[in-house]
Amino acid sequence: MKFKEISLKGKYIIDAKIELLTGLHVGTAGNSLDIGGVDNPVIKDAMGKPYIPGSSLKGKLRSLMEFYNNKLVPNQVVYTVEPKNDDKENKERAKSGIRMHLCNDENCEVCNLFGRNHGNHKVIINNNGDTDDLNLEDVIQPTRLIVRDASLDESSITKEMQDNMDFDYTEVKFENNLDRITSAANPRQTERVPAGAKFNCSFVINVYNDDNDTYLKEFLTALKLLEDDYLGGQGSRGYGQVKFKDIVIRFRDDNYYKQGQEDKKMYEYKELSEVKF
Amino acid sequence: MKRFRIKLKFTSPLHIGYKEGAFNLTETIIHSDTIFSGIINCHSLLYGKDKTDNLINEAINGNFKVSSAFYYINDEYLYPRPVGMNFKKYVDDFKKEKKINYVSEEILFGNTKEAYLKDNMLLKKDMKKNVYNVRERPRSTLDRITNASNIFYTSTCVFNEDCGLWFFMDAKDYIIEEIISSIKLLGDEGIGGDRTYGYGQFEFEPLEHYIEDIKDKNLLLSLCIPNEKDKVEDLIFYNIVERGGYIYSNYSKVKRHSLFRMIQEGSIVKGDFKGCIIDDTPEDFNYHKVYKYGRAFLIPLDWEG
């Protein structure tokens with residue numbers, strides 16, 4: 001057992017705007033069955049405005065970083081949801097569990113930034129899906145990244161857009177799949193936030209001990225990766241392309257809390273391509 | 001000793017779990033042990049382990065204590081309903097009367113004649129909207145390779161505009177600054193669960209409040225574990241609640257707290273009931289001490305009954 005005292009050196013506060021280049025669909029469960037209603041609603045807040053949940057953003061960023069840093073290799077992948085049927089055949093096991101990266105490497109960029117679940121896990125040790133227990137005792141650290149819910153910037157949905165949409169803030173897109181032989185149609189509808197909408201997002205990166213800006217760099221890489229991927233559902237059909245704009249990075253050191261000092265504006269970018277570290 | 005009423009204005013949803021494994025349940029008030037733990041953990045991030053050990057000693061000596069957090073609506077503050085107290089003169093029906101769980105300060109200590117019942121709250125003013133909404137929403141984890149999904153549900157409590165939670169804090173002058181800084185950090189870190197998704201964040205306002213000496217009958221505003229000197233006969237009316245939960249530590253794997261039976265907020269006690277802070281460090285845990293906060297926060301209550 002190691003003990004290394006953790007002290008907070010400060011927080012990077014990153015505010016930005018997410019602009020939708022294509023329609024976004026972050027789904028939720030509909031709680032009513034209206035006749036003629038939409039089958040696939042998007043998530044909305046208490047005021048009926050769509051928003052992007054912090055968990056969706058964070059989960060997406062994490063999974064992108066896992067691929068980018070080549071973390072999905074044996075010995076570094078765990079089952080987050082244990083396979084339900086405890087089959088003897090490993091192939092069957094691998095089918096039913098949910099796998100993601102989690103490791104006990106002290107310098108792992110992904111785990112240190114996005115956090116570790118300190119429960120009991122089974123790590124996959126080879127390509128057959130054999131598992132072993134994972135011990136995280138020596139690498140326990142608090143999670144550095146906090147991702148807030150991104151709220152809709154109402155002014156980004158113009159009057160003109162609203163005239164052409166089915167709801168106040170969202171559009172309904174009809175889609176269809178055809179029987180390959182008879183061409184029988186099977187239509188469905190999806191609600192989505194229209195392209196052009198903007199969301200205000202905010203992130204916090206805690207700086208502990210001698211982190212300096214290591215994790216800020218990692219995080220900005222993750223944002224760049226997200227621009228070339230998608231957010232929400234149906235991404236391979238064109239949904240959810242986003243662009244980060246007006247990025248402002250501020251730093252709050254411990255004097256902000258102790259003596260009430262103002263935080264310092266560190267960097268300001270119009271868009272992510274300007275970021276050079 | 002100074003007393004502050006700390007008004008929390010939540011800027012994001014709040015998740016306070018109370019049942020193991022059930023993410024889709026959330027509490028809508030925060031108990032004193034959670035608040036204390038939040039402050040202490042943030043204090044240790046800001047000031048380091050040694051100074052935090054000092055602060056805990058101050059708390060054990062009674063120089064720093066907190067109450068649980070209850071609702072407020074604008075400038076109307078709610079208290080837990082004193083156990084056994086009768087509110088029949090405000091409501092017409094005894095079935096409605098027994099639903100009351102929270103009572104406005106004006107009704108409890110002032111001389112308001114009229115009162116309105118909203119859900120389980122007895123309020124001075126009639127209120128149309130809800131104080132809070134509990135929202136359940138589906139979330140999912142995706143398999144990194146096959147994109148298979150695992151769906152689960154989480155609940156959060158969202159407070160309405162001008163509504164939120166408040167709690168009392170007593171502290172000696174020389175530690176107040178440190179504590180306020182820690183609460184400021186706690187507001188940015190968040191309180192409760194799912195903090196890395198931005199939940200539980202707040203802005204706050206410390207308002208100085210006068211301290212009344214405790215009297216014969218007192219209302220308990222925090223969870224409490226009696227110490228050896230407290231007499232059980234001093235408990236006039238009380239409820240008992242079980243508190244389990246997990247230890248939050250930056251240094252250790254997930255460990256459980258022991259199961260405690262604690263005296264609930266709203267209980268009525270005679271005289272100076274102190275309560276205690278119990279050392280609950282698990283056996284194989286040697287990074288730092290773990291405590292369960294159970295000091296009583298009392299305010300006097302004039303009441304014949």
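Across the interface of chain A and chain B, the rule finds 4 salt bridges, each a side-chain nitrogen of Lys or Arg within 4 Å of a carboxyl oxygen of Asp or Glu. B:Asp188 forms a salt bridge with A:Arg252. Their closest N and O atoms are 2.7 Å apart. The model is predicted, so local features need pLDDT of at least 70 and side-chain atom pairs count only at pLDDT 80 or more, while totals for chains, interfaces and linings use all residues. Residues are numbered from 1 along each chain as its sequence is written, chains are lettered from A in the order in which they are written, and side-chain values use heavy atoms, without hydrogens and water.

In total, 51 residues of chain A are in contact with 40 residues of chain B (heavy atoms within 4.5 Å). The area buried between the two chains is about 4000 Å²; this is the accessible area (1.4 Å probe) lost on putting them together, summed over both. Carbon and sulfur atoms give 54% of the buried area.

The structure also holds 2 cavities of 30 Å³ or more. A cavity is a set of points on a 1 Å grid over the protein atoms alone where a 1.4 Å probe fits but cannot get out, and lining residues have an atom within 4 Å of a point. Volume is the space filled by probe spheres set on the points, which are joined across faces, edges and corners. The largest cavity has a volume of about 50 Å³. Its lining includes B:Leu8, B:Phe167 and B:Phe202. A:Leu24, A:Tyr51 and A:Phe199 are among its lining residues.

Conventions: On a 1 Å grid over the protein atoms alone, a cavity is a set of points where a 1.4 Å probe fits but cannot get out, and a pocket is an open set with protein on both sides within 12 Å along at least five of seven lines; lining residues have an atom within 4 Å of a point.
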